[in-house]
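The sequence and the structure come first.

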Amino acid sequence: MAGRFSIRLTLSAVGVLVALGGTTTAAAAAVPDDPVSWRVPATPAEAASLARAGFDVAGTSQGVAYVIGDQSVAGQLRNRGYAPEFFDTVYKGVPQRAAGDTFYGGYRTVAAQEAHLAKVAAAHPDLATEYTIGQSWRKTQGKGGHDIKAICLTRKQDGDCTLSTKSPKPKFALMAQIHAREISTGELAWRWIDYLADGYGGDATATSILDTTEVWVVPISNPDGVDIVASGGNSPKLQRKNANTSRGNCGGTNIGIDLNRNSTFRWGADSNSPCAETYQGVSAGSEPEVQALEKLFRAIYPQQRGSGDNDPAPDTARGTMITLHSYGNDIIVPWGFTSDPAPNDAALRKLGAKFSDSNGYLVGTNAETVGYSTSGTTDDFTYGALGVASYTFEVGGQSGSCGGFLPRYSCVDSTFWPKNKGALITAAQSAAAPYRQ
């Protein structure tokens with residue numbers, strides 16, 4: 001393990017050399033079996049075509065696609081006429097051996113997250129209620145897997161945290177790791193839970209939030225996928241999708257359905273290739289994880305918007321929702337499935353700007369941020385079907401030790417939590433009237 005760590009440090013150092021004008025081939029060749037991020041000159045249409053063809057397009061910027069893969073992937077890109085250049089390492093180095101139910105320097109496993117929710121509920125019975133909202137794909141098949149867990153936090157009074165659309169308090173929902181490899185997001189959910197539960201009665205802001213608002217958290221939305229990621233230990237596997245192996249002859253981390261392309265609202269415009277990272281599944285809401293999430297959201301939020309794409313949620317609509325992803329330092333507003341603005345676009349951007357006051361992220365639509373459209377996403381569902389003011393946060397930068405899918409664990413406390421704590425506070429405080437900020 002120590003030798004592998006030193007090799008990756010060398011690769012990082014070569015990446016610096018590249019930035020200073022060194023050779024990209026030497027950088028990528030340092031660890032030929034490891035995935036890296038390749039910078040590929042490409043138009044948005046070409047980037048979308050690469051994704052549909054099964055390449056792991058992690059993001060785009062103007063005239064560039066960032067593709068994850070090893071040397072063989074770079075060779076496939078060259079065979080298609082592209083000119084990939086080494087951009088950054090995927091593995092950022094692990095300064096210490098992980099202990100207990102952790103991996104890659106401290107990131108929590110699904111078992112640790114489950115134990116944490118149970119511990120918080122037991123320690124704070126006046127504040128916390130734990131729920132099982134559904135099952136993972138593996139569990140539905142009798143192949144291990146997990147229950148999908150949520151927790152509701154509020155200073156409990158009659159009717160609070162009762163899976164009711166008519167409960168008196170407004171609601172803010174936070175969900176994380178629907179894309180399993182986006183590992184910093186589950187840690188942010190953990191810290192948000194602890195901030196509220198441990199801070200009640202001592203921290204004035206946490207106390208005010210729980211006195212007035214229901215806060216719902218799903219820290220691990222894709223537990224089977226997270227199991228696969230964590231099974232790599234200090235070399236986490238880059239599993240994005242769930243663990244459904246019933247479609248296609250896919251291997252490794254290409255198995256599964258992209259749960260953030262499988263929601264029932266405006267599903268159907270993403271990949272039909274089972275091995276692609278954005279494979280949308282055979283039908284809308286086909287996956288048990290998506291069914292669990294949508295059932296929860298329908299249980300706690302009333303339907304507050306008409307069925308037409310241009311029907312706005314009324315100014316009186318309540319509820320906020322943030323789904324945490326990585327990476328890009330973005331706050332993405334609906335719609336994802338179309339470049340047309342959402343009917344509440346101005347109000348969504350205004351509240352997004354208040355989030356950005358804390359984390360400094362760019363506020364915009366898919367086209368203005370990640371550079372590609374998405375169908376069947378969670379935030380389009382909660383906004384489109386229910387009228388909830390909904391956002392995707394892309395946490396972390398494109399490169400560096402705190403960038404990419406697998407940032408160093410220390411980045412959670414040094415960077416991600418300090419930047420996003422205030423934004424989550426604002427989301428909770430805005431749940432009573434998100435469109436009247």
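Predicted model: local features only at pLDDT ≥ 70, side-chain atom pairs only at ≥ 80, totals over all residues.

Five bridges join β2 to strand β3, residues 64-69, and the two run antiparallel. Within this pairing, Ser61 stands opposite Val64 of β3.

**Sheets**

β2 and β3 belong to an open sheet of four strands, with the order β2-β3-β1-β4 and antiparallel pairing. Its edges are β2 (56-61) and β4 (85-89), each of which pairs on one side only. From one strand to the next, the twist averages 30 degrees.

A further open sheet has eight strands in the order β7-β8-β10-β9-β11-β14-β12-β13, and its pairing is mixed. Here the edge strands are β7 (128-135) and β13 (362-364), each pairing on one side only. The twist in this sheet averages 20 degrees from one strand to the next. Inside the sheet, strand β8 (residues 147-153) is joined to strand β10 (residues 214-218) by three bridges, and these two strands run antiparallel. Ile151 stands opposite Val217 in β10.

| β2-β3-β1-β4 | antiparallel | β2 (56-61), β4 (85-89) | 30 degrees |

**Annotated span**

An unreviewed UniProt entry carries the annotation "domain: Peptidase M14" for residues 106-430. In the model, this span is 33% helix and 14% strand, and its end C-alpha atoms lie 32 Å apart.

**Largest pocket**

Which parts of the chain line the largest pocket? At least two lining residues come from each of α3 (44-52), β2, β12 (330-332), α12 (378-386) and β14 (389-394). In terms of domains, the lining draws at least three residues from domain 1 (36-89) and at least three from domain 2 (102-430).

The space in this pocket is about 680 Å³. Its lining is made up of 47 residues, and Arg261, Thr278, Tyr372, Ser373 and Thr374 lie nearest the centre. Sorted by class, the lining holds 17 nonpolar, 18 polar and twelve charged residues.

**Backbone details**

Most residues other than glycine have a negative phi, and most peptide bonds are trans. Several places in the model depart from this pattern.

The bond from Ser326 to Tyr327 is cis, with omega near 15 degrees. Tyr327 sits in the loop between β11 (320-325) and β12. A cis peptide bond also runs from Pro334 to Trp335, where omega is near 0 degrees. Trp335 belongs to the loop between β12 and α11 (345-359). Strand β12, which is named in both loop assignments, also supplies at least two residues of the pocket lining.

Leu163 is not a glycine, yet its phi is positive, at about 50 degrees. The residue lies in the loop between β8 and β9 (171-175).

Technical notes
Residues numbered from 1 in each chain as written. Heavy atoms only, no water. Pairing = 2+ DSSP bridges. Axes fitted to C-alpha atoms, helices over the stretch in contact; angles between N-to-C directions. UniProt positions renumbered as here; feature names shortened; annotations may be inferred. 1 Å grid on protein atoms, 1.4 Å probe; cavity = no way out; pocket = protein on both sides within 12 Å on 5 of 7 lines; lining within 4 Å. Points joined across faces, edges and corners; volume = space filled by probe spheres on them. Nonpolar A, V, L, I, M, F, W, Y, C, P; charged D, E, K, R; others polar. Domains from an automatic or database assignment.
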